[in-house]
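User: I'd like to learn how to read a structure like this one feature by feature. Could you walk me through it?

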Amino acid sequence: MLIEKSILVILLFLVSLGAAAYMTYFERKLAAWIQDRVGPDRAGPFGILQPIADGVKMFLKEDFIPAKADKWLFIIGPGIAMFTALITSAVIPWGPKLHLFGRDIVLQVADINIGILYVFGVISIGVYGIMIGGWASNNKYSLYGAIRASSQMISYELAMGVSAITIVLLSGSLSLTTIVEGQSDVWNIVYQPVAFLIFFICALAELNRAPFDLPECESELVGGYHTEYSSMKLGLYLFAEYTSMFVSSAIMAILFFGGYNFPGMSHFSGNTLAILGIAAFATKIFLFIFVIMWIRWTIPRFRFDQLMHLGWKSLLPLSLINLLVTGLVIAYKNGWF
Amino acid sequence: MESLTNRKKVVSDKPMTLWEKIYLPAIISGMITTMRHMFRKRKTIKYPEETREFAPVYRGQHVLKRDEQGRENCTACGLCAVACPAEAITMTSAERERGEEHLYREEKYAATYEINMLRCIFCGLCEEACPKEAVFLTDRLVPTYFERDNFTYGKDKLVEAIDQRIDITKRQHTGKRTQL
């Protein structure tokens with residue numbers, strides 16, 4: 001049991017890091033395609049080895065700590081960012097049960113019954129990585145980036161949480177496994193398109209992705225919270241962003257698009273079902289990542305007041321109304337009136 | 001005031017309609033545009049493997065031509081130096097001695113002829129000024145150096161070798177545009 005879980009943990013670690021590495025490659029390729037360019041194509045065939053070259057470059061750069069920086073916090077910041085990005089994947093059910101060596105292997109590190117709460121808790125800690133990094137740099141641009149990041153995250157977490165609660169209402173459980181299993185017939189997106197839209201927009205804001213990438217907007221804040229960072233510390237920040245993009249794509253797939261469920265599931269069973277389920281889940285994650293990147297290379301950045309306006313005056317009321325309507329419909333169906 | 005062009009537009013700042021305030025339709029139309037670009041032909045020229053083709057009238061490094069019998073055309077009249085807006089050309093003239101008829105076409109020739117490639121703006125006015133069809137700009141590039149002195153090209157670099165003639169037929173068609 002312990003060995004099984006350890007292998008799964010190590011596998012997950014490698015998969016999320018590998019996925020993050022190749023997402024950088026894919027992002028650059030996609031940006032190039034959208035701009036009628038070719039993109040990286042020198043390292044290996046089609047530039048496939050580009051992430052490795054980037055990683056080696058990051059490690060070989062001088063690791064610089066500014067004299068006036070708070071040394072401890074400066075070092076710990078990227079660590080927190082990466083740590084929180086990685087541990088979110090612990091509660092994600094990656095596929096149906098796998099039968100190997102006469103045992104049922106659950107493809108989930110920890111099936112805790114408050115999965116969604118755990119995810120939201122960890123995501124909220126994620127802002128500390130950015131905040132601490134920005135504060136410790138002792139630099140105005142970094143501080144501004146950190147302030148923006150934290151205010152943005154706090155504002156959007158509300159609407160995000162409320163739209164997640166509608167899903168909880170629908171499935172009657174906080175456990176991600178139960179939520180996925182409840183969608184084997186009809187995916188939640190059919191019942192909750194508005195909640196999905198709100199959740200998706202808020203996820204973009206939580207990820208600091210365009211059009212909500214104010215914390216690191218190059219045009220005003222140099223590099224935002226990671227202005228002073230260099231070498232692999234910077235690499236960790238960037239990596240953490242991609243890892244959390246991977247994880248939040250997985251969470252969106254679970255909450256709204258049926259996780260590892262796919263149409264025509266009932267025709268398969270056993271390991272075939274498990275592998276097909278994993279493949280379906282991976283495809284959904286990939287599509288989400290693609291759309292997030294596609295949006296980044298299409299839409300310009302919000303202004304800060306527009307960002308706050310959208311979060312507090314549009315998304316939050318909309319998600320509350322959506323929650324109210326969902327609650328009323330569920331109450332009506334249960335015969336409370 | 002009457003407008004000079006028909007491109008005049010009245011700027012309006014009327015408030016956004018609800019449809020515009022939702023943003024989503026505009027965002028989706030933008031995303032369709034970028035999606036269309038994903039499948040366009042790439043504009044990139046992969047440099048070391050392919051090089052961009054020069055225009056037929058490209059103006060690069062100069063050449064001092066010889067005639068069919070291998071004699072230098074230049075008579076050091078100095079018209080190119082006068083025409084040069086960047087004052088990049090200097091020369092000294094000398095008289096042809098007896099027995100040098102196979103080297104220089106006319107009685108006077110350029111003993112030294114120098115073009116400072118850092119001053120030169122490659123406008124081609126020297127070529128236009130030359131009455132003897134001696135100086136031409138070619139499609140060769142002037143390489144880079146670390147020292148300034150290397151950019152002053154003397155006759156050793158400018159005069160074409162007898163066995164390695166430089167093709168300037170493209171330049172001779174300029175203005176006529178018959179071969180395009």
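The dialogue below goes from the overall fold of chain A to its helices and cores, then to chain B and some single residues.

User: Before we start, what kind of model is this?

Analyst: This is a predicted model, so please read everything below as computed from its coordinates.

User: Which elements make up chain A, and in what order do they come?

Analyst: Chain A has twelve helices and two strands. Along the sequence the pattern is α-α-α-β-β-α-α-α-α-α-α-α-α-α. Its radius of gyration is 21 Å, close to the 20 Å from the globule rule for 337 residues, so chain A is as compact as a globular protein of that length. The C-alpha trace spans about 65 × 50 × 45 Å along its principal axes.

User: How much of chain A is buried, and what share of its contacts joins residues at least 24 apart?

Analyst: Of its 337 residues, 42% count as buried. Among the contacts between residues at least 6 apart in sequence, 78% join residues at least 24 apart.

User: Let's take one helix. What span should α11 of chain A have, and what does the model give?

Analyst: Helix α11 of chain A covers residues 270–296, which is 27 residues. At 1.5 Å a residue these should span 39 Å, and the end C-alpha atoms are 39 Å apart, so the two values agree.

User: Which residues of α11(A) are buried, and how do I read such a list?

Analyst: Start with the general idea: an α-helix has 3.6 residues a turn, so residues three or four places apart point the same way. In this helix the buried residues are A:A274, A:G277, A:A280, A:F281, A:K284, A:I285, A:F288, A:I289, A:I292 and A:M293. They pack against α1 (2–34), β1 (98–100), α8 (193–206) and α10 (231–256) of chain A.

User: Where does chain A touch chain B?

Analyst: Ten residues from chain A and ten residues from chain B take part in the contact. On the chain A side, α1 and α11 each supply at least two residues. The chain A residues in this contact divide into seven nonpolar, one polar and two charged.

User: How should I think about a nonpolar core, and how many residues has the largest one here?

Analyst: In soluble globular proteins, nonpolar side chains tend to be buried together. Here the largest nonpolar core has 85 residues, and those with the most contacts inside it are A:F199, A:C202, A:F246, A:I254 and A:L255. Helix α10(A) gives the largest share of this core, 16 residues. Apart from it lies another core, of 20 residues, including B:C80, B:Y113, B:C120 and B:A134.

User: What is A:I254 in contact with, beyond its neighbours in sequence?

Analyst: Leaving aside neighbours within four places in sequence, A:I254 is in contact with A:I92, A:L176, A:I179, A:V180 and A:G259.

User: And A:F239: where is it, and is it buried or exposed?

Analyst: A:F239 belongs to helix α10 of chain A. It counts as buried because 24 C-beta neighbours lie inside 10 Å, against a cut-off of 20 or more. Leaving aside neighbours within four places in sequence, A:F239 is in contact with A:A20 and A:M82.

User: Where is A:G79, and how far is its C-alpha atom from that of A:Y237?

Analyst: A:G79 lies in helix α3 (residues 71–87) of chain A. With 15 other C-beta atoms within 10 Å, A:G79 is partly exposed. The C-alpha atoms of A:G79 and A:Y237 are separated by 8.3 Å, although the two residues are 158 residues apart along the chain.

User: Now chain B. How do I read its open sheet of three strands?

Analyst: The order is β2-β3-β5 (chain B), with antiparallel pairing. At the edges stand β2 (89–95) and β5 (152–153), each with a single partner strand, so one side of each is left without a neighbour in the sheet. β2(B) pairs with β3 (residues 108–116) of chain B over seven bridges, and B:I115 in β3(B) is the bridge partner of B:I89.

User: Which residues other than glycine have a positive phi?

Analyst: Two examples will do. A:N138 has a positive phi of about 60 degrees and sits in the loop between α4 (115–136) and α5 (140–171) of chain A. A:N138 is partly exposed, with 16 other C-beta atoms within 10 Å. For B:E133, phi is near 50 degrees; this residue is in the loop between α4 (125–129) and β4 (135–137) of chain B. B:E133 is partly exposed, with 13 other C-beta atoms within 10 Å.

Note on methods
Residues numbered from 1 in each chain as written. Chains lettered and ligands numbered in written order. Predicted model: local features only at pLDDT ≥ 70, side-chain atom pairs only at ≥ 80, totals over all residues. Helix = DSSP H or I, 4+ residues; strand = E, 2+ residues; numbered from the N terminus. Expected span 1.5 Å × (residues − 1). Buried ≥ 20, exposed ≤ 12 C-beta atoms within 10 Å, placed from the backbone. Contact = placed C-beta atoms within 7 Å. Rg over C-alpha atoms; globule rule 2.2 N^0.38 Å. Nonpolar A, V, L, I, M, F, W, Y, C, P; charged D, E, K, R; others polar. Core = buried A, V, L, I, M, F, W, Y, C linked by C-beta atoms within 7 Å. Pairing = 2+ DSSP bridges.
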